[in-house]
Amino acid sequence: MSRSVRTRPAGSGRHLSEAYDTALLDLDGVVYAGGNAIAHAVDSLAVARDGGMHLAYVTNNALRTPDAVAGHLTELGIATDAADVITSAQAVARLIADQMPSGSRVLVIGGEGLRVALRERGLEPVESADDDPAAVVQGYGGPELPWGRFAEACYAIARGLPWYASNTDLTIPGARGIAPGNGAAVEVVRIATGAEPQVAGKPLPPMHRETILRTGARRPLVVGDRLDTDIEGAFNGEVDSLLVLTGVTDGAQLLSAPPRHRPTYVDADLRGLLTGQPEVTGDADDGFRCGGWTATAGEDRLELEGDGGALDGLRALCAAAWTAGGEEGCRLDSGKALARLGAVSHRDGRRSRATES
């Protein structure tokens, strides 16, 4: 499928909460971090919702049930129904149900979220390779998941059973920092068996399909903090996206992004839903301008001149970098240019690293 290559962040004369009917919000790094609400998230979402925007929460974390996630959000001050939570557990359960007869037994390597999602699709979760399963499904099971669960998956896969994974995010954020995510656990089983799972979660189509089926969104806006799940998922689904800089992605990663990882809009946090977005003007010859900044691509590095808000400078740099990088992604040195802007990416007051979202 042919898509035009995005060479600059888009502008919007309308508030994003008015321009789109539904926000498809990632959770970790967008709404909360380490279980605590991210600054401005609660108030911003309340204003967007009161203005008529439907809020849906889309997470690759398959551990918790939608009821549990909705309860957590409600405790944070974001009133949420379980029906507004879409998880990769639900997406992978639908994927399995589309390929397996109703009532099939499925060996679960993961948490309660997977078990509930399988039952919702008429499948029976089991705990052992000796329970006559028809398939194996693997999702994040929390930090206390016993090593023996991976062995159980290997025994079943070695017998020729199909293997499914909710997602393959390598890491997940927590209160103490970054921990191994489901993708790391999937790699353990992959290395031991040589098998390849069918994967449902972001950025792959089964997750987007699940989200649209459950929300009925007609003009959705994906809101995320991670380029290779949230933003790539929006690209694959051919919908617009807003990258917020409260989680995974830092300025250097954004500037070097290939086309599938380039968001439609960039903002500091969820307050970006409540505003328009400035236009980036100019071209490669005369420089790209946003606010008081002008960005250009030199022979070996990106250049930034002027003054103003850090986000405007980052948007101008995106245009220079994405235009210079084309379909491969920009490899020019951005360090000096970003230093002029300070730390525009943050989480809990510090730069953050890759996470499961």
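Leaving aside its neighbours within four places in sequence, with which residues is L254 in contact? The views below take up this and related points in a predicted model, in which local features need pLDDT of at least 70, side-chain atom pairs count only at pLDDT 80 or more, and totals for chains, interfaces and linings use all residues. Residues are numbered from 1 along each chain as its sequence is written, and side-chain values use heavy atoms, with hydrogens and water left out.

**View 1. The contacts of L254.** Beyond its neighbours within four places in sequence, L254 is in contact (heavy atoms within 4.5 Å) with L227, L243, T249, P263, V266, L314, C318 and W322.

**View 2. The largest nonpolar core.** A nonpolar core is a set of buried Ala, Val, Leu, Ile, Met, Phe, Trp, Tyr and Cys residues joined through side-chain atoms within 4.5 Å, where buried means under 20% relative accessible area with a 1.4 Å probe, protein chains only. The largest one has 29 residues, and L254, L255, L302, L304, L314, L317 and L341 are those with the most contacts inside it. Helix α11 (310-325) is among the elements that each supply at least two residues, and its nine residues are the largest share of this core; helices here are DSSP runs of H or I with at least four residues, numbered from the N terminus.

**View 3. Helices α4 and α5.** The axes (lines fitted to C-alpha atoms over the stretch in contact, with angles from 0 to 180 degrees between N-to-C directions) of α4 (residues 88-97) and α5 (residues 112-120) come within 8 Å and cross at roughly 40°. The contact is made by A89, Q90, V92, A93 and I96 of α4 together with G113, L114, A117, L118 and E120 of α5.

Definitions and conventions. Buried < 20%, exposed > 50% of the residue type's maximum accessible area, 1.4 Å probe, protein only.
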